[in-house]
Amino acid sequence: MEEGLWMSMDEKERRKPKITPKRTTTLQKLAYVVRPFVLYMLVKTAAMFVLAIALPALPITGAAVWVENNAHQLSAVVNGVASLIAAGFLLNDFLIEASTDGEIDIDKSILGQFAGFLKTAFVGKKTARKMTGLALCALLGITASLALNIWFELLSGVLSGAGNPVLDSEKYQNVEAIQYSVPVWLGIVLYGIVAPAVEEMVFRGVIFSRIKKFYSLPRAVVCSALLFGVFHANLPQFLYGTAMGVLMALCYEYSACFAAPVLMHMAANIFVFMMSQTAAWTTFQAGPMWGVLSAALAAGVFWGLRKVFCDCG
């Protein structure tokens, strides 16, 4: 009887379906990582196209002339609005991928879940250590952006003097003209709040988190930063964006808190925008001494925030 029982069990084992673990191909990984970026860019481009057509066509006397006379400022606003529209299409992906230190009610709508995230999980538990680390992230944004801008200006001057103005292209000049054409208050809203929030959601919240599922941390940091640089579509901002992207991804990784890269990004953008409005900016760009000092300060701040978040040297 016992032998028959064991034979029966063996028979059952033989009849069980063989399950082979599903292997994710490189192409599937690439599609999983890049899809949010492609979706964001497609929706943003479509939104900008629609807005660019709709605004001059408004049934208001003189609308077309007003749009033409304020083309740069409107371009900045349209870019910001289109970014927000495109980000809305990635809210669900973001809520799935984002590192959280709080609770989100999954029974609510996507907007309700996002509101809950902002309320409870954006910063998470507010300990003294975490708040110190977040303050250091903001300071890193200021010091790193200062150092990078100074060195890029110095390098641009050297290359231009050698007859190779590669870092001072016409496309970059057009971007600068649009960015700095807006009033200070609008610049703070667009570049200090909207752009950092949206771009961090896309590049750190979704893309960096997805790459990290399949590859090592260094590869995830570098690849997400490179994609962030490519997103800016001109060489100076590619180099700047890639460098800052590395630091923001590391802030996110060390803190496990989405507020960290957002605060760093906001601080960097607001600092550069405000400094560009003052004559003091040319003083900082006068020589390499400021570049060395700001780079050393940024390195010290980075060491400090790493020690705060990781408790490692």
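User: Which residue forms a salt bridge with Glu-97?

Analyst: Side chains of opposite charge can pair when their charged atoms come close. A salt bridge is a side-chain nitrogen of Lys or Arg within 4 Å of a carboxyl oxygen of Asp or Glu. Here Lys-213 pairs with Glu-97, and their closest N and O atoms are 3.0 Å apart. Lys-213 sits in helix α9 and Glu-97 in helix α5, so this pair ties together parts that are 116 residues apart in sequence. Helices (H or I, at least four residues) and strands (E, at least two) are DSSP runs, numbered from the N terminus.

User: What kind of model is this, and how are residues numbered?

Analyst: This is a predicted model: local features need pLDDT of at least 70, side-chain atom pairs count only at pLDDT 80 or more, and totals for chains, interfaces and linings use all residues. Residues are numbered from 1 along each chain as its sequence is written, and side-chain values use heavy atoms, with hydrogens and water left out.

User: Is Glu-97 buried or exposed?

Analyst: Buried means under 20% relative accessible area, exposed over 50%, and partly exposed in between (1.4 Å probe, protein chains only). Glu-97 has 8% relative accessibility, so it counts as buried.

User: How many salt bridges does a search of the whole structure find?

Analyst: The search finds six. One of them joins Arg-210 to Asp-93, with the closest N and O atoms 3.2 Å apart. This pair links distant parts of the chain: Arg-210 is in helix α9 (residues 184-214), Asp-93 is in helix α5 (residues 91-97), and they are 117 residues apart. Arg-210 is buried, at a relative accessible area of 4%. Asp-93 is buried too, at 10%.

User: Which residue forms a salt bridge with Lys-212?

Analyst: Glu-253 does, with the closest N and O atoms 2.7 Å apart. Glu-253 is in helix α11 (residues 235-255) and Lys-212 in helix α9, so the pair ties together parts 41 residues apart in sequence. Glu-253 is partly exposed, at 28%. Lys-212 is also partly exposed, at 33%.

User: Which residues do salt bridges that share partners join into one network?

Analyst: Arg-35, Asp-93, Glu-97, Arg-210 and Lys-213.
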